[in-house]
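This briefing goes through selected parts of the structure shown below.

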Amino acid sequence: MLKITRRTFLKASAGTSAAALAAPSMLRAMELELGGRDFSPEVAAERKAIPTGCHVCNIQDGAIAYVENGRVVKLEGNPEHVSTRGRLCAKGNAGMWYSYDPDRILYPLKRVGARGEGKWKRITWDEAIAEVSARLDEVLKGGEPNEIMLKWGRNRTGGVLERFMNTLGSATVLNHTSVCESSKKIGMEPTWGPDIETPDFANSKYILNFGSNILEAAYFHNPYSQRIAEGTVENQAKLVTFDVRLSNTAGRSDEWIPIFPGTDGAVALALGHVILMEDLQDTAFIETWTNVTVAELKEHYKPFTPVWASEISGVPVETIVRIAREFALTKPATTYTYRGPAKHLYGSYNEKACMMLPILTGNIETRGGYCLPRGMGYKQPEPVPPKPKTPSYLAHPDEYPLAGHKVSHLVPFWIAEGKQKIKVLFSYQDNPVYTNPGADAVWGKLYRDEKLIPYYVCLSPFMGEEAQLADLILPDVPYLERWEPESMPNSLWPWLGIRQPVIPPLGEGRETKVYIRDIIHKLDPDGSRGMRQYWEFKDPEEYMRKQFEGIPGLQEAGGLDWLKKHGVWPIYGKLDPRNGKMVDATGREIQPEYGLHKRTLSADDMLGATVDEHGIIHKNGKAIGVQRHGQNYVGFPTHNRLINVRVDEWAKYGFNPMPTFKRIPWHENLKDDEMILTTYKTNVHKQSRTAAVKWLAEIMHSNPAWLNPRTAKKLGVKTGDLVRVESPVGYMVTKAYVTEGIHPKTVAISTSCGHWGYGRLAQLKLREKAGEFGAADDPDLKNVWWDDKGVHPNAIIPVVADPIGGSQGWYDTVVKVTKAGPNDKYGDVQASWDKHMAFYKETMRYAYTGDLHRTMHPEMVAWAGPESVQHKAPSGGH
Amino acid sequence: MTEVLAIATDTVEPATASRAERCEDYRLRAQFYRLLSGAFIEEPAAAYLSALRSPETLAALAELGVRFDADFLEPPITALEQALAHEYTMLFAASGGFPPVESVRRQGGYQQAACFEVREVYRRAGFQVVPGRFQVFEDQLGIELQFVAELLERCAAALDRGEHLEARRLEKEIKRFWALHLGRWIRGYGVLLEKVTEHSFYREMARLLRGFAEAELELLGVHVEDEDHGKLKVQRSELAGLVEQGASACGACRGTD
């Protein structure tokens with residue numbers, strides 16, 4: 001028997017350490033399991049885990065709901081989801097409070113007082129459906145289905161709303177995109193096909209960010225912040241951010257470059273100028289894959305010098321030159337943009353100018369570069385209703401022929417001017433009375449006016465600022481009670497997912513597709529009107545099952561049944577608990593496919609195809625690929641399979657087809673006391689619908705105006721002082737927050753605060769007399785320690801429309817900031833419809849039909865004017 | 001502070017009462033539970049209102065101190081039904097109101113733990129909730145009251161059959177339900193409702209609810225703190241802004257339209 005003393009043990013252990021380390025370890029701490037299971041801390045029983053899709057905001061993360069005794073007690077990320085890899089953001093963690101909100105609407109409510117008076121009567125679904133159907137029937141029998149208007153804010157119904165309007169034969173469908181990202185989309189689509197990019201941040205070496213708060217709020221912030229962290233930490237990528245404000249993204253960047261609002265495009269062009277003049281471009285890529293030559297580009301970019309851009313943007317010349325060289329010489333590199341460049345009068349030009357940087361440097365579809373989005377489709381249940389026969393002016397106004405994502409924020413003015421008559425309005429997850437420019441002064445006025453909107457049905461479970469003005473509220477259900485298909489291009493691996501009910505609908509909340517089906521059945525009980533055939537399904541699950549039938553791969557895996565179990569398809573790998581990455585069976589990180597444009601066409605594809613003098617491969621009347629160096633590639637998803645640096649369609653309407661920049665006229669020659677108002681979002685709120693979510697409201701509930709110390713000193717204000725922010729259409733009184741993190745000529749006020757609807761928490765009525773009934777004994781609400789709900793700025797922001805992309809110019813408003821006067825009170829907001837109307841008329845002057853269009857485009861002197869373009873047929877019928 | 005309704009507890013279940021008297025008491029109490037349930041479970045229907053306005057019922061209620069105003073006594077039944085439907089919605093079903101739902105009052109949201117607890121209690125007792133005109137939560141006041149009424153009826157039936165042990169078990173079940181649920185919120189809720197409502201029907205029903213609750217708790221010997229407290233200190237007419245767009249907190253465009 002061995003005799004081991006402490007002395008011999010210690011002596012021996014020194015020599016055995018290497019062997020000990022080499023021995024395989026098969027025991028891991030439980031907390032290293034990254035999600036997928038959860039236990040009750042009280043009884044230790046495993047909670048029921050149901051995969052679903054988060055829908056607090058529109059990133060569409062994979063989520064798991066943990067249900068204990070029928071109640072959702074916790075939400076976390078789905079570890080099988082390739083994009084979000086087991087992580088949810090703060091908003092996603094709080095999502096169950098949508099369902100359990102004590103101010104939630106659970107029954108159909110019919111207005112009984114004057115519109116907006118706040119008096120309601122609960123009615124049954126049968127009564128509600130009969131009433132809505134009768135209204136629709138009256139319009140349909142009048143023969144003008146376009147008099148039925150539907151405006152959605154966030155539509156992730158997987159085609160249900162479109163099916164509804166197509167069934168009715170109405171083309172009057174409005175969305176929220178013009179207040180969101182439309183000019184980003186329009187800046188990109190004619191150039192390379194898709195409306196968004198999917199940068200490979202994790203493998204990049206240089207990330208140039210224009211006006212995007214991607215680490216906390218911009219599109220796909222959850223998956224992208226993970227990848228940016230990997231890129232900057234593991235790959236030592238440099239992150240450079242141009243922004244007017246020190247966002248958390250700017251703060252986490254290697255460099256934050258404050259820039260004058262709306263001038264990102266000028267800086268991007270100057271960066272391109274340096275790259276081209278110093279011959280740092282990727283000539284082979286440009287000559288192979290674009291519709292211009294390097295020589296053309298060098299000539300075109302000549303005027304966009306760093307000196308020129310510096311004068312406009314305030315960014316030093318040497319910074320522009322240095323960043324240009326760094327970007328061009330560091331491979332791989334990518335840009336990212338969001339609202340910063342796009343939400344301006346000429347946002348589409350700005351986006352295009354930024355997008356040119358990865359094109360010039362050949363960083364397209366490369367590992368670590370600027371990649372095409374990867375998405376997956378699902379089906380629409382057959383039969384599918386045909387599109388409406390008559391176009392709607394409101395949906396596609398003649399003055400904005402290039403704005404493929406609509407110009408919905410101008411609709412109140414068009415309706416007021418009688419461009420199109422509306423008899424029935426539906427709104428769906430859309431609160432323009434709060435979220436749009438002009439807010440209550442514009443949309444509130446429209447929705448209150450029973451002559452302009454004779455009947456308004458709000459499809460919502462919450463009493464938002466818009467619902468307060470409805471004639472009838474149909475209680476839709478929050479996302480944890482819905483069936484919806486989902487797919488988002490938020491990773492380099494395409495995926496399909498579902499939202500499935502993790503609890504049954506509360507009260508008499510009903511899913512959208514269910515009550516729409518019931519409305520259609522009421523309108524067409526025996527099918528004789530040809531409408532009912534599109535709405536023959538037993539329940540939402542059956543409808544969804546049809547959407548996932550016959551999808552190769554998924555079908556074999558089990559279709560909807562697979563998705564109900566996993567929440568997402570395909571599953572590319574397993575989440576490695578050591579680094580949070582997806583790994584394959586061998587333990588290696590999974591790798592995406594790059595160079596999608598270089599996929600080759602098969603012999604079958606080429607059968608019967610022809611190749612023109614530019615190498616474009618045509619078949620059956622359309623371009624299917626591009627021939628280069630003897631290879632037949634699929635190219636890019638554009639009309640000619642190339643990247644169109646020159647967008648000929650823009651020239652048709654007198655816009656510059658090449659990358660360019662237009663300074664906002666009213667930003668020139670600002671007076672000393674004038675500034676630009678900018679708005680922003682933070683990481684715990686979306687535009688309007690999170691202010692009533694308990695945990696999120698506690699984290700962020702007020703929105704003081706950010707002012708630079710230089711500005712504040714001039715005004716004589718310090719943090720906490722009241723300031724009056726006055727625009728040409730109104731004014732607001734709010735508190736100042738003095739910080740170096742803001743451009744001196746900019747004042748920044750966040751959205752998401754200052755509600756006058758959305759229940760008592762959003763309005764902070766708990767702290768006022770009114771809040772002392774109702775939910776006052778909620779243990780969470782007892783903890784409401786704050787007494788400031790903020791002030792909402794949208795009422796004082798006038799409409800501006802990008803004449804190309806249709807975007808609202810959110811960041812174009814000139815304001816004067818002064819110390820508040822003796823009669824100013826915190827929270828005062830005043831705005832005027834008439835003044836907003838005047839701005840609407842002004843912005844229409846920049847449309848291609850307007851008198852300022854040619855003034856703004858002297859370089860398009862050869863354009864023959866609006867009469868040279870064939871107008872679309874008059875639409876709307878009124 | 002409004003005077004609490006006084007319900008004489010010495011009229012029910014004296015220790016020496018006969019079996020028949022005890023059965024009668026159980027059934028009378030069950031009637032009160034049902035009467036109160038009818039006020040809260042959904043908008044009161046014409047039949048219920050007609051019965052309530054009958055001279056006998058009014059007289060009986062008057063003896064307890066329940067006195068409705070002209071807004072309840074005078075309108076035609078259909079008009080009263082409409083008026084109360086509007087009032088019901090504003091009090092209990094519209095955003096900004098205060099639903100008579102235990103989860104909301106005690107736990108800050110719909111369908112929280114209380115809802116599942118009472119569902120389990122009902123299940124064990126062999127009940128399930130079915131929708132009436134509208135779906136209701138298991139922990140809605142009207143349902144909770146109906147549940148006790150059912151148990152009281154069962155008590156009476158058990159006594160009728162001579163099953164004293166079963167009757168005692170059911171009494172304990174009722175006590176437990178008051179201790180864990182009704183007793184924890186409906187008195188404060190009654191205070192709140194009485195002060196907020198603008199209709200004498202709900203005002204008087206709130207008073208009756210509160211007085212009846214106090215009497216039942218005393219009768220049952222249950223001592224439990226009400227967690228609701230009914231904190232309202234102002235009338236609803238003063239609550240401008242909760243849902244009133246014209247007086248919006250933002251003050252946007254006031255007078256500029």
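The buried residues of helix H19 of chain A pack against helix H4 (125-141), helix H5 (160-168), E15, strand E16 (472-474) and helix H20 (540-547) of chain A. Here a residue is buried if 20 or more other C-beta atoms lie within 10 Å of its own, exposed if 12 or fewer, and partly exposed in between, with C-beta atoms placed from the backbone. Helices (H or I, at least four residues) and strands (E, at least two) are DSSP runs numbered from the N terminus. Two residues are in contact if their C-beta atoms, placed from the backbone, lie within 7 Å.

This is a predicted model, in which local features need pLDDT of at least 70 and side-chain atom pairs count only at pLDDT 80 or more, while totals for chains, interfaces and linings use all residues. Residues are numbered from 1 along each chain as its sequence is written, and chains are lettered from A and ligands numbered from 1 in the order in which they are written.

**Helix H19**
- H19(A) covers residues 512-523, which is 12 residues.
- The helix reaches 17 Å from its first C-alpha to its last, close to the 16 Å expected at 1.5 Å a residue; the expected span is 1.5 Å times one less than the number of residues.
- Of the 12 residues of H19(A), 9 are buried, and the helix is mostly covered.
- The buried residues are A:Thr512, A:Lys513, A:Val514, A:Tyr515, A:Ile516, A:Arg517, A:Ile519, A:Ile520 and A:Leu523.

**The seven-strand sheet**
- An open sheet of 7 strands has the order E5-E4-E16-E15-E14-E6-E7 (chain A), with mixed pairing; two strands pair if DSSP finds at least two bridges between them.
- Strand E5 (120-122) and strand E7 (173-174) of chain A are at the edges with a single partner strand each, so one side of each has no neighbour in the sheet.
- Strand E14 (residues 424-428) of chain A is largely enclosed by the rest of the structure, because 5 of its 5 residues are buried.
- A:Val424, A:Phe426 and A:Tyr428 point one way from E14(A), while A:Leu425 and A:Ser427 point the other way.
- Strand E6 (residues 148-152) of chain A runs parallel to E14(A) and is joined to it by 5 bridges, with A:Lys151 opposite A:Ser427.
- E14(A) is also joined by 5 bridges to strand E15 (residues 455-459) of chain A, again in parallel.
- Across that pair, A:Phe426 stands opposite A:Val457, and A:Tyr428 stands opposite A:Leu459.

**The three-strand sheet**
- A 3-stranded open sheet has the order E1-E2-E3 (chain A), with antiparallel pairing.
- Its edge strands are strand E1 (48-53) and strand E3 (71-77) of chain A, each of which pairs on one side only.
- Strand E2 (residues 62-68) of chain A pairs with E3(A) in the antiparallel sense over 6 bridges.
- A:Glu68 stands opposite A:Arg71 in E3(A).

**The loop at A:Asn620**
- A:Asn620 lies in the loop between strand E23 (616-619) and strand E24 (622-628) of chain A.
- A:Asn620 counts as exposed because it has 7 C-beta neighbours inside 10 Å.
- A:Gly608 is 12 residues from A:Asn620 in sequence and 8.4 Å from it in space, C-alpha to C-alpha.
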